[in-house]
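Subject: Structure for you to look at

Hello,

Here is the structure I said I would pass on. Please have it open while you read the notes below it.

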Amino acid sequence: MLHGLNHLTLAVTDLAVSFAFYSQLPGFRPRARWRGGAYFSCGELWLCLSVDPLRRKDTPDYTHYAFSVAPQAFALTARQLRAAGVTEWKENRSEGDSLYFLDPDGHRLEIHSGDLDSRLAACRARPYQDMVFFD
């Protein structure tokens, strides 16, 4: 039986640039680095960066990776990311504070202050089109 996210591996084109980027994200802790990749931890998350010359930045879609941030820390964290010069790729239109930004290889990332329970509560108050709830 599956019970959660084990790890997240991101293909990167330049390990030095990506390593520096993730090292600066609040909460990310470098754990190991080698010629072809690096490991970080962020809370319970295990993040792997893996050099891949086939990585393309020109095929964007809504796939993204969201990291939790406490509501009281959101504004400070968002300011730190903006001060670091991140590129924002989307404006938040849903429940909870969010900042959507790109890493150096164009991976779509997000910091988000809500959780599934707060999202479902907001959706119950204002359901998306044809939304059905199962609990």
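How many residues lie between S3 and S4 in their hairpin? There are two, and Gly43 in the turn has a positive phi of about 60 degrees. Please keep in mind that this is a predicted model.

S3 covers residues 37–42 and pairs with S4 in the antiparallel sense, over six bridges. Within this pairing, Tyr39 has Cys48 of S4 as its bridge partner. S4, residues 45–51, also pairs with S1, residues 8–12. The sense there is parallel, and the pairing runs over five bridges. Leu8 is bridged to Leu47 in S4. As background, strands of a sheet pair through backbone hydrogen bonds, either parallel or antiparallel.

There is also an open sheet of four strands, in the order S5-S8-S7-S6. Its pairing is mixed. The edges are S5 (65–68) and S6 (87–90), each of which pairs on one side only. Neighbouring strands of this sheet are turned against each other by 35 degrees on average, with direction ignored.

Lys90 stands opposite Tyr100 of S7.

Regards

Methods:
Residues numbered from 1 in each chain as written. Predicted model: local features only at pLDDT ≥ 70, side-chain atom pairs only at ≥ 80, totals over all residues. Heavy atoms only, no water. Pairing = 2+ DSSP bridges. Axes fitted to C-alpha atoms, helices over the stretch in contact; angles between N-to-C directions.
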